[in-house]
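Here is a short walk through one chain.

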Amino acid sequence: MLFFKRKISKLSDEELLIHYTKSGDTEYFGELYNRYIPLLYGLCLKYLHDEDRAQEAVMQLFEDLLPKLGNYEIKVFKPWLYRVAKNHCLQLLRKENKEITLDYTVNVMESDEFLHLLSEEESSEEQRTSITRFFLEEMSYADIVEQTGFTLNNVKSYIQNGKRNLKICIKKQAL
């Protein structure tokens, strides 16, 4: 089973999507969805302004998408998932007849908390490199290790710490 987990984690988003739609094996969709949980949580928190509701929305999206995914023609998963999650949050707000407000005056990217994450403290550069390559360039752990010379454990640690720090930053901005 461990071999299967390692093998499945190396597949691209599109490969995971194809495997899931062909086989119906939820492991493929679970792996794909897990890659985007931190981003989905941040998006849901932005619209719903409540941590518990944001977490619930992320779980509800998974449950809703699992049986319906084969009905959609998805070319690139990440932007498609973003649109679906955004629409899900807007629907939740519409059901409550709440006004949808977003504070565009708060610039999260320039906040002290966010800038702290990018400061020149020990390992912040390695963390930033690992996160950028993993999320933005969609590289695998193995590719990051190969290109940077970091150990596999360090890459995993940098990405995990980066996710945690970003979550803390998002929570502080939501307050």
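Start with a helix pair. Helix α8 and helix α9 (residues 141-148) have axes that come within 10 Å and cross at roughly 135°. Angles over 145 degrees would count as roughly antiparallel, and 65 to 115 as roughly perpendicular. The angle here therefore makes α8 oblique to α9. The crossing of these two helices is right-handed. Which residues meet across it? On the α8 side they are Thr129, Ser130, Arg133 and Phe134. On the α9 side they are Tyr141, Ile144, Gln147 and Thr148. This is a predicted model, so read every value here as computed from predicted coordinates.

Stay with α8, which spans residues 124-136. Gln127 lies in this helix. Is Gln127 buried or exposed? Its relative accessible area is 10%. The cut-off for buried is under 20%, so Gln127 is buried. Now look along the chain from Gln127 to Val155. The two residues are 28 positions apart in sequence, yet their C-alpha atoms are separated by 7.7 Å.

Next, a second pair. Helix α3 covers residues 26-34, and helix α5 covers residues 51-68. They pack at an angle of about 145°, and their axes are 11 Å apart. From α3, the contact uses Thr26, Phe29, Gly30 and Tyr33. From α5, it uses Val58, Leu61, Phe62, Leu65 and Leu66. The crossing of α3 and α5 is right-handed.

Move to helix α2, residues 13-23. Its buried residues are Asp13, Leu16, Leu17 and Tyr20. Seen down the axis of α2, they fall within an arc of 100°, so they line one face of the helix. The spacing follows a general rule. An α-helix has 3.6 residues a turn, so residues three or four places apart point the same way. After α2 comes Gly24, with a positive phi near 75°.

Now zoom out. The chain holds 10 helices and 0 strands. Its pattern along the sequence is α-α-α-α-α-α-α-α-α-α. There are 175 residues, and 32% of them count as buried. The accessible surface of the chain comes to about 11,400 Å². Carbon and sulfur atoms own 51% of that surface.

Note on methods: Residues numbered from 1 in each chain as written. Predicted model: local features only at pLDDT ≥ 70, side-chain atom pairs only at ≥ 80, totals over all residues. Heavy atoms only, no water. Helix = DSSP H or I, 4+ residues; strand = E, 2+ residues; numbered from the N terminus. Buried < 20%, exposed > 50% of the residue type's maximum accessible area, 1.4 Å probe, protein only. Arc of directions from axis to C-beta. Areas by Shrake-Rupley, 256 points an atom, 1.4 Å probe, with all protein chains shown as cover. Axes fitted to C-alpha atoms, helices over the stretch in contact; angles between N-to-C directions. Parallel < 35°, antiparallel > 145°, perpendicular 65-115°, else oblique. Left-handed = near helix turned anticlockwise from the far one by under 90°. Contact = heavy atoms within 4.5 Å.
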